[in-house]
Amino acid sequence: MTRTEYPWLLPSAMADPELPGDQAGRSRRTVRDWIVDLTAFLCAAGIGLLAASALDADRTTPDGVVFVDCLIGAAACCALWVRRRWPVGLAVGLILVSTVEPVAAGALLVALFSVAVHRPFRPVAVIGALALITTPVQPYLRPDPGTSFTAATVVGVLLSLLVLSWGMVVRSRRQLVVTLRERARRAETEAELRAEQAQRLAREAIAREMHDVLAHRLTLLSVHAGALEFRPDAPPAQVARAAGVIRDSAHEALQDLREIIGVLRSPGESDDNRPQPTLATLDSLIDESRLAGMRVTLDSRIADPAAAPAATGRTVYRIAQEGLTNARKHAPGAEVGVTVAGGPGDGLTIEVRNPAPTEPFEQVPGSGQGLIGLTERATLAGGRLDHGPAPDGGFGIRAWLPWPA
């Protein structure tokens, strides 16, 4: 999942839901929230001090009234610390207080901004309309000798509209960021599900192949054991040869059984007795690709391909098949090189490489799932597989698989 590296730099509404919260489920303030709240408090206090200075300079205002104004302004600024929890109630209260207290004007602007950021448009419109309607009341009840009634009303209306508009822009931007982050998380989850499905399908395909091979081994065991049962008078050489076949078949069956353990078979599918590819049939795969119009070069350094283990040979065949398919889709017209090397005790190594495409091609949806299946197949076989782009712009697949001595 996509996470922000420094969630404390984000507002609590945009930080990851893993951040700790209180018992009511509300996210705690981040470091950024504390900085913003402190800045808002200082701005409101600064505006309140300017208004208090103007009142103190007016000789017609008694000192007791100025002192009460300062107390109410300080209380209004302190009330801003709960603006995140009760933005609407705080804004309504400060609107009513500001009708008679000019010192609370800064706190009112901060409260209007908080409503626009944390609430949808309908309550913001109601609070904004109430603030605009009450704007002329304060300069009418307590006019400033240095400012006309019209100028004070116009400035109050413009400031209210400015902070409301600014808050709605901030809210829309936050909603956009949250929506994009949620889409990214959903896309990552879907990609993980597709990868898991590809691995499951690859395991099921391997299980089906191993089932067919295991059935073949057990059939050989049954045939030779039956021959020994019905021919107890067979020559010793024939009995020894049949016992050797039974021993080898049992050993290979156990090897195949180890590979199939833990892999589930798809339900509802019939057991088709289809021939399975091996390392010896790799030449026929290359010939088929050449007949299809591909330019393929095969460099096989295996002295006896038929001696390779059946499961390993099938895996090598599937890797070469997928590599040729990918080259046909993503690098049409390019020459593909297939290299197979190794031997008993050293393991089998296969490489499929193609240069950068020279012809235009159309991207195929769902590309990359086959490589996931190949990686799963190689891992289950006890080997490893690497794939990726080459420095020259081409693409390569390299796998190593065990070949017991």
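**Helix contacts and salt bridges**

Trainee: Is the crossing of H3 and H4 left-handed or right-handed?

Mentor: This is a predicted model, where local features need pLDDT of at least 70, side-chain atom pairs count only at pLDDT 80 or more, and totals for chains, interfaces and linings use all residues. Residues are numbered from 1 along each chain as its sequence is written, and side-chain values use heavy atoms, leaving out hydrogens and water. A crossing is left-handed if the near helix is turned anticlockwise from the far one by less than a right angle, and right-handed if clockwise. For H3 and H4, the crossing is left-handed.

Trainee: How do H3 and H4 run, roughly parallel or roughly antiparallel?

Mentor: Helices (H or I, at least four residues) and strands (E, at least two) are DSSP runs, numbered from the N terminus. Axes are lines fitted to C-alpha atoms, for helices over the stretch in contact, and angles run from 0 to 180 degrees between N-to-C directions. The axes of H3 (residues 87–98) and H4 (residues 105–118) come within 9 Å and cross at roughly 150°. Angles under 35 degrees count as roughly parallel, over 145 as roughly antiparallel, 65 to 115 as roughly perpendicular and the rest as oblique, so H3 and H4 are roughly antiparallel.

Trainee: How do the axes of H9 and H10 run?

Mentor: H9 and H10 (residues 310–330) have axes that come within 10 Å and cross at roughly 10°. Therefore the two helices, H9 and H10, are roughly parallel.

Trainee: How many residues are charged in the contact of H9 with H10?

Mentor: On H9, the contact is made by Leu282, Leu285, Ile286 and Ser289; on H10, by Tyr317, Ala320, Gln321, Leu324 and Arg328. These residues divide into six nonpolar, two polar and, as charged, one.

Trainee: How many residues apart in sequence are the parts tied together by aspartate 37 and arginine 84?

Mentor: These side chains meet in a salt bridge at 2.9 Å, N to O (a side-chain nitrogen of Lys or Arg within 4 Å of a carboxyl oxygen of Asp or Glu). Side chains of opposite charge can pair when their charged atoms come close. Aspartate 37 lies in H1 (residues 31–57) and arginine 84 in the loop between H2 (63–78) and H3, so the tied parts are apart in sequence by 47 residues.

Trainee: Are aspartate 37 and arginine 84 buried or exposed?

Mentor: Buried means under 20% relative accessible area, exposed over 50%, partly exposed in between (1.4 Å probe, protein chains only). Both aspartate 37 and arginine 84 are buried.

Trainee: What is the relative accessible area of arginine 290?

Mentor: Arginine 290 meets aspartate 287 in a salt bridge (3.8 Å, N to O). Being three residues apart in H9 (residues 282–291), they are separated by about one helical turn. Arginine 290 is partly exposed, with a relative accessible area of 39%.

Trainee: Which residues does valine 170 touch, not counting residues up to four places away in sequence?

Mentor: Valine 170 sits in H7 (residues 149–230). Alanine 116 is 54 residues away in sequence, yet 8.4 Å away in space, C-alpha to C-alpha. With residues up to four places away in sequence left out, valine 170 touches Phe113 and Val117.

Technical notes:
Contact means heavy atoms within 4.5 Å. Ala, Val, Leu, Ile, Met, Phe, Trp, Tyr, Cys and Pro count as nonpolar, Asp, Glu, Lys and Arg as charged, and the others, Gly among them, as polar.
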